[in-house]
Amino acid sequence: MATIVFFCTSCGHESGKWLGQCPGCGEWNSFAEQPAPPRGKKAVAFLRRGTGVVAVTEAAARPIERIETGLEGLDRVLGGGLVPGSLVLLAGEPGIGKSTLLLQVAAALARNSGIVVYITGEESAEQVALRARRIDGLHERLFLLAETSCDAMLERVEALDPCLVVVDSVQTAVLDAVEAVAGSVSQVRQVASRFQHLAKTRGVPVILVGHVTKDGNIAGPKLLEHLVDVVMSLEGEPGHDLRALRAGKNRFGTVAELALYSMTGRGLEPVKNASAWLLEDRRSGAPGSAVAVALEGTVPLLVEVQALAAPSALGTPRRVAHGLDSSRLALLLAVLERHAGINLGDRDIFVNLVGGLSLREPALDLAVAAALLSSAANRPLASELAIFGEIGLLGEVRAVSRAAERVREAAALGFGRVALPTRDANGKLELPTTAISTVADLPALLQSSD
Ligand code: TYD
Ligand code: MG
């Protein structure tokens, strides 16, 4: 028998016997009883009684099972594969490639593992089958269900006992019991929680597709973030083939991982050497161009930052950032003005991350600042130079994580020198370095314009 203790429901004060007034907070009649937490030998007996309580050591010894999807990059973003019983949300703008990606995953799992049910509420089974043919995904264990009734979906899924369920999209599914239109807050919430129940009770991974719109997201992914185990997003720029897949929340892995794909005529193909791919069209030696070494998750990534500082005809000059945070750009411009004496207040400023990628890493700061200076002065940076470092409000250049790995990637791609924060320049690195301690050191990186 576990000993009973009493505790105050108001302040948590514990006592061996019931008390009328709590000595902790003075509250009257606030004591309730609870079993004492087990200690020592008693704990062992307590744990054995199947209470659902488990020692952390025992839980740690049970590995999390993973189903590899076979799609390179996706497994890494998921933290090693899909976890049975998990609910995953794939968010992205319409037309970005969510259905394509998931059909590829569905086909791969049908080939390698078992029955997969792909529920389509937006397109007919024939339309999805056309896409499946295009991506070489025809397999008899891949089942399509064109359905919008959530009850019907759940019933069919139960009967087929699949190893993966894809719901494309959560905004098209409706529960009869909920009196609201498809895609409304209450429908989306209820539908998602029914699929969560299905996932947990049957131990099957369920992937929900959620559309995001450019202007906020009505009844979209934000609403479901707390409910699902993993939120992945597929991003890309219109007119570019590059697609970035990343996890914004992951109960089974890290969140920083990034996988890059290129949209081809036969679906999404993993980009094998992302840095080389991103730098392919670079015109080295052009003023306004700087190569940054970013790090997304475990993958170092070289990417070209292009800046254009042009005289403005407008009273309020334009500030346009593509692929970068525009408030970060404003901050960098202010820091350059104050601490490097460079005034760009009368210029229109455009900054672009080449390739259509969007990155939020502070380590890009130094390359953005260098590209801005280079454009303003019309003097190029050395074409063999790669740059990384975070810029602080006082103009100081701050160390970033995993400098050695970034330098290694730059060396692998044939760069000959790295400009980096002074603190990161200590230690053994694979390339000669130029240490930068404040933004005032940046103009020295510019070549003479000849
Ligand atoms: P889709 O997966 O339907 O996007 P979403 O589900 O996010 O709305 O993909 C839409 C675009 O992808 C569409 O413009 C066609 C293009 N696409 C290809 O370029 N190659 C392909 O193999 C496939 C299937 C689609
Ligand atoms: Mg779609």
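Helix α4 gives the most to the shell around ligand 1, with three residues. The model is a predicted one.

The whole shell holds 15 residues. Among the closest are Ser-99 and Thr-100. Gly-95, Thr-264 and Gly-267 also belong to that closest group. By residue class, the shell divides into seven polar, five charged and three nonpolar members.

Next come the backbone contacts. Thr-264 places a polar backbone atom 2.7 Å from a nitrogen atom of ligand 1. At Gly-267, a backbone N or O atom lies 2.7 Å from an oxygen atom of the ligand. Gly-97 also takes part: one of its polar backbone atoms is 3.0 Å from a ligand oxygen. How much of ligand 1 does the protein bury? Taken alone, the ligand exposes 560 Å², and the protein buries 75% of that.

Now the cysteines. Is Cys-22 buried or exposed? Cys-22 counts as buried because its relative accessibility is 2%, and the cut-off for buried is under 20%. Cys-150 has a relative accessible area of 0%, so this residue is buried too.

How many disulfides are there? A disulfide is a covalent bond between the sulfur atoms of two cysteines. The rule applied here asks for a pair of cysteine sulfur atoms within 2.5 Å. By that rule, the count comes to zero.

Technical notes. Residues numbered from 1 in each chain as written. Chains lettered and ligands numbered in written order. Predicted model: local features only at pLDDT ≥ 70, side-chain atom pairs only at ≥ 80, totals over all residues. Heavy atoms only, no water. Buried < 20%, exposed > 50% of the residue type's maximum accessible area, 1.4 Å probe, protein only. Near = heavy atom within 4 Å. Polar contact = N/O pair within 3.5 Å; in protein donor to acceptor, adjacent residues only side chain to side chain. Areas by Shrake-Rupley, 256 points an atom, 1.4 Å probe, with all protein chains shown as cover. Helix = DSSP H or I, 4+ residues; strand = E, 2+ residues; numbered from the N terminus. Nonpolar A, V, L, I, M, F, W, Y, C, P; charged D, E, K, R; others polar.
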